[in-house]
Amino acid sequence: MSVKLDNVEYLYKSYYNKLKFFFLKSGITDETAEELCQETFIKVHNHRERFDSSKGSESTWVYSIARNELIDYFRKSRKEKDLVEFSSWENLVSSYETSAYKMEEEKLLLEKLSKSIHLLKEPEKSIVILHCIHGKSIAETSSHTGIAQRTVSRRLVSALTLLRAELRTSGIDGSWLQGGKE
């Protein structure tokens with residue numbers, strides 16, 4: 001243990017300005033820098049018996065305590081920021097319920113769309129699956145089915161018209177179904 005570390009006045013005169021500058025360089029406010037200086041001095045004083053001059057200099061030890069104080073400050077600040085961002089549980093629950101509702105709605109839509117597609121007769125069913133679900137172009141769909149491109153395009157338009165009508169009977173707006181033009 002260092003006799004100098006027992007002397008609070010010595011510590012303050014030797015390190016206060018240096019520590020405050022060290023803290024201010026990190027971008028914190030003057031008031032926070034002063035608080036961190038005080039916390040550092042308290043820890044230095046309370047743990048002075050742990051100082052071992054064989055492991056490093058007094059200033060290195062003091063600065064390592066200051067660095068740890070700064071790290072702790074930023075960790076705490078980040079946690080507080082996260083808490084503020086999520087402080088309104090009502091918004092969080094509402095957001096969750098809205099997304100759960102949307103997911104359920106999309107699931108029902110996909111189920112109904114799948115059932116409606118399977119009601120189509122061939123080759124319209126294959127054309128819709130290849131073009132709308134697998135993203136094949138009219139030319140690729142034509143090549144895969146062996147049907148002329150113009151016929152594929154006409155049958156796709158016809159199949160999508162039937163799908164929209166089927167979805168409407170279920171109370172679902174099918175106007176977003178597009179295809180047949182490429």
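This is a predicted model: local features need pLDDT of at least 70, side-chain atom pairs count only at pLDDT 80 or more; totals for chains, interfaces and linings use all residues.
I started with the lining of the largest pocket and found two nonpolar, two polar and six charged residues; Asp, Glu, Lys and Arg count as charged, Ala, Val, Leu, Ile, Met, Phe, Trp, Tyr, Cys and Pro as nonpolar, and the others, Gly among them, as polar. Numbering runs from 1 along each chain, and side-chain values use heavy atoms, without hydrogens or water.

**Pocket**
I looked up which residues lie nearest the centre of the largest pocket, and got Glu35, Leu36, Asp72, Tyr73 and Lys76. A pocket here is an open set of points on a 1 Å grid where a 1.4 Å probe fits, with protein on both sides within 12 Å along at least five of seven lines; lining residues have an atom within 4 Å of a point. H4 gives the largest share of the lining, six residues. Helices are DSSP runs (H or I, at least four residues), numbered from the N terminus.

**Aromatic pairs**
I found seven aromatic pairs; ring centres must lie within 6.5 Å, and planes under 30 degrees apart are stacked, over 60 edge-to-face, the rest tilted. Phe22 and Tyr63 pair edge-to-face, at 5.8 Å centre to centre and 80° between the planes. Phe22 sits in helix H2 and Tyr63 in helix H4, 41 residues apart. Is Phe22 buried or partly exposed? Phe22 counts as partly exposed because its relative accessibility is 21%, and buried means under 20%, exposed over 50% (1.4 Å probe, protein chains only).

Technical notes
Helices (H or I, at least four residues) and strands (E, at least two) are DSSP runs, numbered from the N terminus. Rings of Phe, Tyr and Trp (its six-membered ring) pair if their centres lie within 6.5 Å; planes under 30 degrees apart count as stacked, over 60 as edge-to-face and the rest as tilted.
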